[in-house]
Amino acid sequence: MLDRIEEIHDEGLAAVQAAGSTEELEELRVRLLGRKAELPNLLRGVGELPPEQRGQVGKRANEVRKALESRMAEARERLDTAELDSRLIADRVDITLPGDPLQPVGRLHLITQTLRELEDVFLGLGFTVMEGPEVETVQYNFDALNHEPTHPARGRTDTFYTSDDTVLRTHTSPMQVRAMQAHPPPLYVVIPGRVYRRDNDATHTPQFHQVEGLAVDEDITLADLKGTLLEFSRAIFGDERDVRLRGHFFPFTEPSVEVDVSCFNCNDGWMPDGSRCPLCKGEGWIEILGAGEVDPNVYSYVDDERYDPEKVQGFAWGMGIERIAFLKHGVADLRLFYENDLRFLEQFG
Ligand code: DAH
């Protein structure tokens, strides 16, 4: 009996030592220590042995069971670690590697790029940025800006009305009065945003973007307007640029001007090969915006004594963002800005 126990001991330990996987080890546990295995059976039968053998056999069988159990626990730990190691090697994913395939990086729409460029220029000149409502009252959009009751822009053929007294704003200029009502002078502000008109062809879209500018302070003259717009023109179109002011009419500025920038595509209207410049049409100048000195009547709509036209003066301008981007990048058709054809969009930025 004791000899058999020693055999079980030796064979058992050798088998445990040789086990190559946790599954094999589980099978061994059942074979050596399971309910039907020889050693546990032997232990259960100790009571039936002759009394003089009971102590010795019981003791040795128990030792062997413990030895097998502890050797199995050791083997289990060794195999678990080895299996984890090999799984870590086999399943290795290097999360520091770039994704595959490389994801294309998006870019800002040309309108957004141009808008940010414009904002940067004016922030650099000391202006702050404000925004305003796209659904605007007729009062702010037209009345406060001195538009006669018969002004053609008031017509339903030109403007989108959302009710009798509200419109989709036709320009960013209504923000002039709103900005003055919100902040006392001195005021230096630019207001970018969407505007809407009933137009649709290669050079007009029903929705487009403008940047309004307004400066109100003491001793402001048209020279300050010209200096500001010269800085802007050089920042956007190049250091060589010049600007000129041409007399014009807007209901809410007096005097009013249209501002031209010297053409950056040609020399005084002519191309090196002697042909007429296609961008400025031989003019040497390109119209970029409307501007003027704020009309005293506009201050009266602000209804704030700090905006007394006897004390403060101001200048304002409004420019189309699409127009700036279109001139700067030679875009052939304004509608390209809104079709979102990737072949167009990917050329910028
Ligand atoms: N609001 C005018 C337009 O959309 C542009 C404009 C002209 C804005 C003169 C101004 C200005 O601030 O002073 O055509």
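## Close-up views of a predicted model

View 1. Let's begin with Pro 255, which has its place in strand E8, residues 253-262. The peptide bond that runs from Glu 254 to Pro 255 is cis, and its omega is near -5 degrees. Please keep in mind here, and in each view below, that this is a predicted model.

**View 2. Two prolines are joined by a cis peptide bond.** Here the partners are Pro 185 and Pro 186, joined by a cis peptide bond. Omega for this bond is about 0 degrees. To find Pro 186 in the fold, look in the loop between helix H7 (174-182) and strand E5 (187-196).

**View 3. Asn 146 has a positive phi.** The phi of Asn 146 is about 70 degrees, although this residue is not a glycine. Asn 146 belongs to the loop that lies between helix H6 (138-141) and strand E3 (161-163).

**View 4. The ligand sits in the largest pocket.** Around the ligand there are 15 residues, and those that come nearest are His 171, Ser 173, Gln 176, Arg 197 and Glu 212. By type, the shell divides into 5 nonpolar, 8 polar and 2 charged residues. Three strands each supply at least two residues of this shell: strand E6 (207-217), strand E9 (285-294) and strand E10 (313-320).

View 5. Zooming in on the ligand, you can follow the contacts one at a time. On its own the ligand has 360 Å² of accessible area, and the protein covers 89% of that.

**View 6. A salt bridge links Lys 59 and Glu 63.** The side chains of these two residues, Lys 59 and Glu 63, meet at 3.6 Å, N to O. Why is the separation of Lys 59 and Glu 63 about one helical turn? Both belong to helix H4 (residues 51-90), and they are separated by about one turn because they are 4 residues apart in that helix. Across the whole structure, a search finds 21 salt bridges.

How values were computed. Residues numbered from 1 in each chain as written. Predicted model: local features only at pLDDT ≥ 70, side-chain atom pairs only at ≥ 80, totals over all residues. Heavy atoms only, no water. Near = heavy atom within 4 Å. Areas by Shrake-Rupley, 256 points an atom, 1.4 Å probe, with all protein chains shown as cover. 1 Å grid on protein atoms, 1.4 Å probe; cavity = no way out; pocket = protein on both sides within 12 Å on 5 of 7 lines; lining within 4 Å. Sits in = over half its atoms within 2 Å of the grid points. Nonpolar A, V, L, I, M, F, W, Y, C, P; charged D, E, K, R; others polar. Salt bridge = Lys/Arg side-chain N within 4 Å of Asp/Glu carboxyl O.
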